[in-house]
There are 2 protein chains.
Amino acid sequence: MTQETQCNSLAELLAPYAREANRLLEQWLVEPASPAALAEAMRYCALDGGKRLRPSLVLLTGEAFGDKANELAARAAVAVELVHCYSLVHDDLPAMDDDKLRRGRPTAHVKFGQAMAILAGDALLTRAFAVLGEAGGEQAAALVAELAHAAGPAGMVAGQVADMDLCEVPGGVEGLRYIHLNKTAALIRAAVRMGAMAAGADKPALDAVGRYGRALGLAFQLVDDLLDVTGSAEQIGKTPGKDLAAGKRTYVEHLGLDRARALADELTGEAAAAADALGPRGGKLRRLAELLGQRSH
Amino acid sequence: MTQETQCNSLAELLAPYAREANRLLEQWLVEPASPAALAEAMRYCALDGGKRLRPSLVLLTGEAFGDKANELAARAAVAVELVHCYSLVHDDLPAMDDDKLRRGRPTAHVKFGQAMAILAGDALLTRAFAVLGEAGGEQAAALVAELAHAAGPAGMVAGQVADMDLCEVPGGVEGLRYIHLNKTAALIRAAVRMGAMAAGADKPALDAVGRYGRALGLAFQLVDDLLDVTGSAEQIGKTPGKDLAAGKRTYVEHLGLDRARALADELTGEAAAAADALGPRGGKLRRLAELLGQRSH
């Protein structure tokens, strides 16, 4: 076991990667010729002190499979986070979840108006692909395809469409799994796969990393559901019970607390097993899954 | 002069390319695993009988520089049109231009609701990059960068931000030129450049093609302004005077009809000169610029 895998909290394990992700976002977020007001809105939406889970996963996986800092992994980290941030901005819009606050600050449309929020979201999504494409080379094209597939109409957008009841979704846990697989797990899976691809991982490793990301993404969302019910407002940074009150499907509603907790543990175990299949390279990914399964905020 | 350059109307010149663009869009628009309701909304937004100017420009330029059908140019044509279609869907939203009709049909948010319109737009934009990225290879990455730059925060989105008065814009014709360069010409320039890049054109040719696309894009928008004032409803497919009534800046308002007409001719001449610099390869592009300058709808 290497030193880093002894981290005792998720925040501790992620901290160095999250710091690097913030630095990279500062560097690549704004295209110089952008209008100042648009750049300001984009910065507000993307530099907001989030956990940076997704870019950290790209960097951490890139590090696990590569020997040194890798510009393509750095660009992939920025691209994945820009896609995540755009999705939050659009999901918060009045016509969508109509959220007024995110991480204690006014949401983008409250702060800048709906038109600018829609456009800043569009700009973040488009910028993600510019940052990746400008790396150039065959690998960059593969990363673009990976990210666009995960974020697109058979991935993250499909999950949001299902979550908003805009398409037919199976009832019960099956429908919930469909939503979480697409809305949350697809991008988390893409994050770890992109880190591994940027570092030149081979097909069997990419497959294991993909299994890891999918299980981690599902566990992450399930733990969110659990915290929505069991966490305090201080711990989770929003009103407890908000998802239930908003009529959102949750695992806790369908399975009850105990079975939902057991399923979270099972998914964490799945992620850990996939990390183990990577051998020593998977040490930090394994520890991350364990800590994510135990998180209280 | 080849046979094709003798076309007497823009529609006649574009027809074979527009047909091919429609076929390619049918083939690549929908990712099989997309929810049916989302796929239906995407099809409504993208398969609506538009002129297909942008994908036709990709295909026509690809043909001018290449010897045979080229999958990368075909994918680029689809990608450019998906980006154009997403921008129309988001521009029509109530928080933006609040348009209820487009080409005689209800706009996407009137037909499917705002949430689905926002998400279908997001899906079209993301899908554009999947279609390009999945081509694989170094050239695909370069095309992704080209498209994302033209469509992003220093391109098309900047133009829309300026057009909506969401950022500072210089007054008069200078501001108008900024808006049209970004909102319209950037994507048209990218279309011809992508066609040429996909066919392996060299740097001097790409530069000339870029000059052509920029001048053509500006002329296209200017002729739109002129038709808004001088055209009949039947000719232009919308209420004449709509742009003026909506308080949109137009060239006609700033320059008067005669000087606006003269500027359109000047830009058409600029495009024609750039096409001439390409030698015989530029024949069809030159004819297209002439016909676009003369169009009455």
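Helices (H or I, at least four residues) and strands (E, at least two) are DSSP runs, numbered from the N terminus. The structure described here is a predicted model, in which local features need pLDDT of at least 70 and side-chain atom pairs count only at pLDDT 80 or more, while totals for chains, interfaces and linings use all residues. Residues are numbered from 1 along each chain as its sequence is written, chains are lettered from A and ligands numbered from 1 in the order in which they are written, and side-chain values use heavy atoms, with hydrogens and water left out.

Gly50(B) is placed in the loop between α2 and α3 (53–65) of chain B. Gly50(B) is buried, because its relative accessibility is 12%; buried means under 20% relative accessible area, exposed over 50%, and partly exposed in between (1.4 Å probe, protein chains only). Ala18(B) stands 32 residues away from Gly50(B) along the chain, and 8.9 Å separates their C-alpha atoms.

In chain A, helix α9 (residues 172–198) contains Arg193(A). With a relative accessible area of 14%, Arg193(A) is buried. Leaving aside residues up to four places away in sequence, Arg193(A) touches Glu146(A), Leu206(A), Val209(A) and Gly210(A), where contact means heavy atoms within 4.5 Å.

How are the two chains related? Chain B is superposed on chain A by a rotation of 180° with 0.0 Å of shift along its axis (RMSD 0.0 Å). This is the relation of a two-fold axis. The same surface serves both copies, since 100% of the contact residues of chain B recur in chain A. Such copies are superposed by least squares on the C-alpha atoms of residues with pLDDT of at least 70 in both.

The contact itself takes 47 residues from chain B and 47 residues from chain A. The size of an interface is often given as the accessible area lost when the parts come together. Here chain B and chain A bury about 3,800 Å² between them, and 77% of it is on carbon and sulfur atoms; buried area is the accessible area (1.4 Å probe) that two parts lose on being put together, summed over both. In chain B, the residues that lose the most area to chain A are Leu119(B), Thr126(B) and Pro153(B), together 16% of what that side buries. Between the chains there are zero salt bridges, a salt bridge being a side-chain nitrogen of Lys or Arg within 4 Å of a carboxyl oxygen of Asp or Glu.

Side chains of opposite charge can pair when their charged atoms come close. In one salt bridge, the side chain of Lys284(B) meets that of Glu63(B) (3.2 Å, N to O). This pair links distant parts of the chain, with Lys284(B) in helix α14 (residues 283–294) and Glu63(B) in helix α3 of chain B, 221 residues apart. Lys284(B) is buried at 14% relative accessibility, whereas Glu63(B) is partly exposed at 43%.

Helix α14 of chain B also holds Arg286(B). The side chains of Arg286(B) and Asp276(B) form a salt bridge (2.7 Å, N to O). Asp276(B) lies in helix α13 (residues 251–276), so the pair ties together parts that are 10 residues apart in sequence. In chain A, a network of salt bridges links Asp276(A), Arg286(A), Arg287(A) and Glu290(A).
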